[in-house]
Amino acid sequence: MNTSVPLLTDYNTFKVGAKARSVHSLSSIAQLRLFLESHVSEPYLFLGQGSNVLFTRDYPYDVALVRWRGKQVKLLSETEALLIAAAGEPWHELVMWSLQQGLGGLENLALIPGSMGAAPIQNIGAYGVELKDVFEWCKAMHRTTLEERTFAFEECAFGYRDSVFKNELKDQYVITEVALRLSRNVHSINITYAPLQDWFAQAQTTTPISPLAVAEAVCSIRKAKLPDPKVIGNAGSFFKNPVISSEKAKELLSQNSETPIYPQPNGSFKVAAGWLIDQLHLKGFKMGKAAVHDKQALVLVNTGGASGKELFDLSTHIKQRVSETYRIELEEEVTIF
Ligand SMILES: Cc1cc2nc3c(=O)[nH]c(=O)nc-3n(C[C@H](O)[C@H](O)[C@H](O)COP(=O)(O)OP(=O)(O)OC[C@H]3O[C@@H](n4cnc5c(N)ncnc54)[C@H](O)[C@@H]3O)c2cc1C
């Protein structure tokens, strides 16, 4: 177990320089057990790649980095395989590796930063696909009893950027391994999401579209739209798209017929939070060294040396403006510490 300098700048994609008491890099399940055994009586925090967190202050306890690796493919049939990956596997690398193995299913989720272990926690999603669409099971260790448990799909209560691990079982388990059911030989491509449709319409592809081609398209679209956290600190979408009632949807559409509102399977509606923020002319808006990205209103960026507090204050300002104007309460997608 390595103990290193307790500054978190390199461990969160916002590049916020909060301090921790110590940082432990856990590269095996044995190290995870030791860490949990020695931390029964005090708080601590697990971090994967730190791409979905904002530190608004120093963290006065120990931080554990999920770094145990390993992946394998189990063939289930001519058309299906199980990809089993350790929690510390970097997500995008895993997606590209699975495609190189001829497996399909993860292509729409290419270029999402983060680790395998964190992916089920908020049921990562992009371009019309969510982790739940391929999720088979995950293994997790209870943080106090150290008991290992396998969670089946139904037990995870996946929702929009949501799961049981953010609700009833919040902070109770560490996810150690995840299994995903992927396609082989026969793939079903999902390019229903408008930007992908446009991409392939423009490319005028004549051959059948492969999962790898979808991943490449997703990467190109994302690179054009989203700031690279290696260049400018950010955590992707800061807010979730609000879920609204049909009455509220009608009200918004009566005010502006172009409001991007999407019907949901349960009869509710989702409105694009980025569009609401953009309508308030907040793209590029700055508070100190924190700013709303000038191309993507849902992304807050650290323009260089911003504190977590500055980013948090900017997010509060945006929430207030949206609430005053639309009577809609934005909810953070990013976990705030
Ligand atoms: C540029 C950019 C684009 C993004 N785009 C998307 C997108 O399109 N779709 C999307 O869904 N998300 C997106 N995200 C958010 C982020 O990539 C995902 O939420 C990702 O799954 C977070 O992984 P992580 O390892 O960085 O988690 P972290 O930020 O390290 O942790 C997130 C939370 O999970 C907990 N945690 C981490 N690992 C474990 C574990 N093994 N067991 C238990 N708890 C754990 C942490 O304590 C924390 O509470 C984006 C982020 C960035 C920076």
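Where is the place of Leu75? Leu75 sits in strand 6, and we will come back to this residue below. Helices (H or I, at least four residues) and strands (E, at least two) are DSSP runs here, numbered from the N terminus.

A word on the ground rules comes before the tour. This is a predicted model, in which local features need pLDDT of at least 70 and side-chain atom pairs count only at pLDDT 80 or more, while totals for chains, interfaces and linings use all residues. Residues are numbered from 1 along each chain as its sequence is written.

## The chain as a whole

The protein chain has seven helices and 21 strands. Its radius of gyration is 20 Å, close to the 20 Å that the globule rule gives for 337 residues, so the chain is as compact as a globular protein of that length. The radius is taken over C-alpha atoms, and the globule rule is 2.2 Å times the number of residues to the power 0.38. Along the principal axes, the C-alpha trace spans about 60 × 50 × 35 Å.

Of the 337 residues, 39% count as buried. A residue is buried if 20 or more other C-beta atoms lie within 10 Å of its own, exposed if 12 or fewer, and partly exposed in between, with C-beta atoms placed from the backbone. Contacts are residue pairs whose C-beta atoms, placed from the backbone, lie within 7 Å. Among contacts between residues at least 6 apart in sequence, 61% join residues at least 24 apart.

## Around the ligand

The ligand is surrounded by 32 residues, and the closest are Gly48, Gly114, Gly117, Ala118 and Gly236.

By class, the shell has 18 nonpolar, 14 polar and no charged residues. In this scheme Ala, Val, Leu, Ile, Met, Phe, Trp, Tyr, Cys and Pro count as nonpolar, Asp, Glu, Lys and Arg as charged, and the others, Gly among them, as polar.

## Strand pairing

Two strands pair if DSSP finds at least two bridges between them. Here are some pairs, each with one example of residues that stand opposite each other or are bridge partners.

| Strands | Sense | Bridges | Example |
|---|---|---|---|
| 2 and 5 | parallel | six | Val23 and Val63 |
| 3 and 5 | parallel | four | Leu47 and Leu65 |
| 15 and 17 | antiparallel | two | Val243 and Lys270 |
| 14 and 20 | antiparallel | three | Asn234 and Val301 |

Another open antiparallel sheet has three strands in the order 15-17-16. Here strand 15 (243–244) and strand 16 (261–263) are at the edges with a single partner strand each, so one side of each lacks a neighbour in the sheet.

Helix 2 (residues 91–100) has the buried residues Trp91, Leu94, Val95, Ser98 and Leu99. They lie on the same side of helix 2 because they cover an arc of only 135° around the axis, the arc being that of the directions from the helix axis to the C-beta atoms. An α-helix has 3.6 residues a turn, so residues three or four places apart point the same way. On the other side of helix 2, Glu93 and Gln100 are exposed.

The cover over the buried residues of helix 2 includes strand 6 (71–75), strand 7 (80–86), strand 8 (103–104), strand 13 and helix 4 (211–225). Just after helix 2, Gly102 takes a positive phi of about 85°.

## Two residues to look at

Met116 is in the loop between strand 8 and strand 9. Met116 counts as buried because it has 28 C-beta neighbours inside 10 Å. Leaving aside residues up to four places away in sequence, Met116 touches Ala85, Ala86, Ala87, Glu89, Trp91, Leu94 and Val178. The C-alpha atoms of Met116 and Val178 are separated by 7.2 Å, although these residues are 62 residues apart along the chain.

Is Leu75 buried or exposed? With 10 C-beta neighbours inside 10 Å, Leu75 counts as exposed. Its C-alpha atom is separated by 9.9 Å from that of Ser183, 108 residues apart along the chain.

Definitions and conventions. Near = placed C-beta within 6 Å. Contact = placed C-beta atoms within 7 Å.
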